[in-house]
Amino acid sequence: MLFIFSGLIKINDPLGFSYKLEEYFEVFHITFLNGFSVVIAVVLCSLEIILGFALLIGVRPVKVAWGLLLLIIFFAFLTFYSAYFKVVQTCGCFGDAIPLTPWQSFSKDLILLLMILVLFFNRQKIKPLFVPKTGDKLLIAATIVSVLIGLYTYNFLPVIDFLPYKIGANILDEMKIPPGAQPDQYELTYHLKNKKNGATKVMTNTDYLKSNIWKDNNWEVVGEPESRFVKSGFTPKIRDLAIQDAQGTDYTKELLSNPFYNLVIVAYDLNHTDEEAINRLNALAVNLTENFNIRTILITSNSAKYAEAFSKQHHLLSEIFYADEVPLKTIVRANPGILLMKNGVVINKWHYHSIPKYDVLVKKYFQQQ
């Protein structure tokens with residue numbers, strides 16, 4: 001069941017999982033696979049679901065046991081490598097639904113490995129719930145359903161949005177640190193040397209202050225203090241979003257505080273965006289601006305020079321703003337994607353494959369203003 005759950009969580013957001021795979025590709029210097037990351041993501045997620053379902057109904061137990069064993073060894077290797085070498089710091093095992101640290105992920109994989117080993121050594125004893133022909137048909141059906149879910153969520157956004165920019169979220173609130181919240185705690189280590197006798201000491205910042213050794217002019221700090229992470233403090237759900245204009249002026253608060261309906265087009269990479277969708281969004285923006293004075297902005301991570309040339313080429317009405325690629329990929333799993341916002345709240349969001357028609361938007365939102 002855990003494999004089915006894990007697979008369903010990830011296949012709910014195959015594009016997000018593909019971003020995680022690309023991080024691993026970079027670590028292992030196999031970035032030539034980046035172009036296949038979405039396909040690999042859908043295949044891996046589907047495989048988890050298919051193998052989990054096959055085990056549940058007992059179909060083809062020997063092959064399924066081998067498949068589960070190889071899959072968990074593969075995942076355990078990745079999570080151990082991430083944890084030990086501190087590279088990919090969130091494994092994506094359960095997508096954004098249940099964030100795990102690398103060591104937590106590795107521990108989970110070790111437990112699963114032990115359980116799968118028990119199954120593996122007893123694979124001949126697994127009894128099917130159905131006759132072979134029925135079992136195979138159910139397995140084929142599970143395969144088709146898994147792949148179709150992956151294709152749907154890739155083309156029309158996740159069915160369940162676990163990201164902080166989901167519909168109904170107040171982005172400004174998600175960025176706030178409440179009063180009295182504890183920040184991350186770090187410990188400093190000082191290397192001290194006595195100028196008179198050459199004696200040395202190593203002390204933490206706490207001991208350094210308590211001992212009052214800093215008052216003794218005979219002791220001096222040698223080199224830079226070493227910082228060690230001790231304890232996690234409060235971390236806002238959104239901490240990396242900064243929206244700027246071409247001159248670098250921060251417009252984050254102003255744009256997100258807009259008390260009126262406004263459209264936000266997110267195209268994290270204009271080099272690979274769907275230009276036909278951009279043209280449709282531009283026509284929608286023109287109509288909404290002319291009839292309802294709706295403000296439309298486009299946010300991208302491209303350079304200002306490229307974005308301005310792109311805007312000129314497509315005669316874009318939207319104001320152009322800039323942000324880092326990482327939060328833009330998180331805001332909406334599409335390139336481009338569109339958000340309808342008001343007072344910093346995400347009223348709705350769409351993939352470019354499901355851009356709403358002008359009449360639908362007017363009837364549902366703007367006639368009520």
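Me: Which helix gives the most to the lining of the second largest pocket?

Reply: First, a word on the source: this is a predicted model, in which local features need pLDDT of at least 70, side-chain atom pairs count only at pLDDT 80 or more, and totals for chains, interfaces and linings use all residues. Residues are numbered from 1 along each chain as its sequence is written, and side-chain values use heavy atoms, with hydrogens and water left out. As a general idea, rolling a probe the size of a water molecule over the atoms shows where empty space is left. On a 1 Å grid over the protein atoms alone, a pocket is an open set of points with protein on both sides within 12 Å along at least five of seven lines, whereas a cavity is a set of points where a 1.4 Å probe fits but cannot get out; lining residues have an atom within 4 Å of a point. Grid points are joined across faces, edges and corners, and a volume is the space filled by probe spheres set on the points. Helices (H or I, at least four residues) and strands (E, at least two) are DSSP runs, numbered from the N terminus. Here helix 2 is the greatest contributor to the lining of the second largest pocket, with four residues. That pocket holds about 350 Å³ of space and has 20 lining residues, of which Leu15, Tyr19, Val38, Tyr154 and Tyr268 lie nearest its centre. Helix 2, helix 3 and helix 6 (132-156) are the elements that each give two or more residues to this lining.

Me: Ser18 has its place in helix 2. Is Ser18 buried or exposed?

Reply: Buried means under 20% relative accessible area, exposed over 50%, and partly exposed in between (1.4 Å probe, protein chains only). Ser18 is buried, because its relative accessible area is 1%. Contact means heavy atoms within 4.5 Å. Leaving aside residues up to four places away in sequence, Ser18 touches Ser37, Val38 and Ala41.

Me: How many cavities of 30 Å³ or more does a search of the whole structure find?

Reply: The search finds three. Two or more residues of the lining come from each of helix 9 (252-256), strand 5 (262-266), strand 6 (295-300) and strand 8 (337-342).

Me: Which residues touch the most other members of the largest nonpolar core?

Reply: In soluble globular proteins, nonpolar side chains tend to be buried together. A nonpolar core is a set of buried Ala, Val, Leu, Ile, Met, Phe, Trp, Tyr and Cys residues joined through side-chain atoms within 4.5 Å. The largest one has 53 residues, and those with the most contacts to other members are Ile171, Leu241, Leu288, Ile331, Leu339 and Phe366. Helix 10 (residues 275-292) gives the most to this core, namely five residues. Another core of 26 residues lies apart from it and includes Ile11, Leu44, Val64 and Leu69.

Me: What is phi of His29 near?

Reply: Phi of His29 is near 55 degrees, a positive value in a residue other than glycine. His29 lies in the loop between helix 2 (14-27) and helix 3 (37-57), and is exposed at a relative accessible area of 71%.

Me: Which peptide bond is cis, with omega near 10 degrees?

Reply: The bond from Asn335 to Pro336 is cis. Pro336 is found in the loop between helix 12 (325-331) and strand 8. Both Asn335 and Pro336 are among the residues that Tyr352 touches, with residues up to four places away in sequence not counted.
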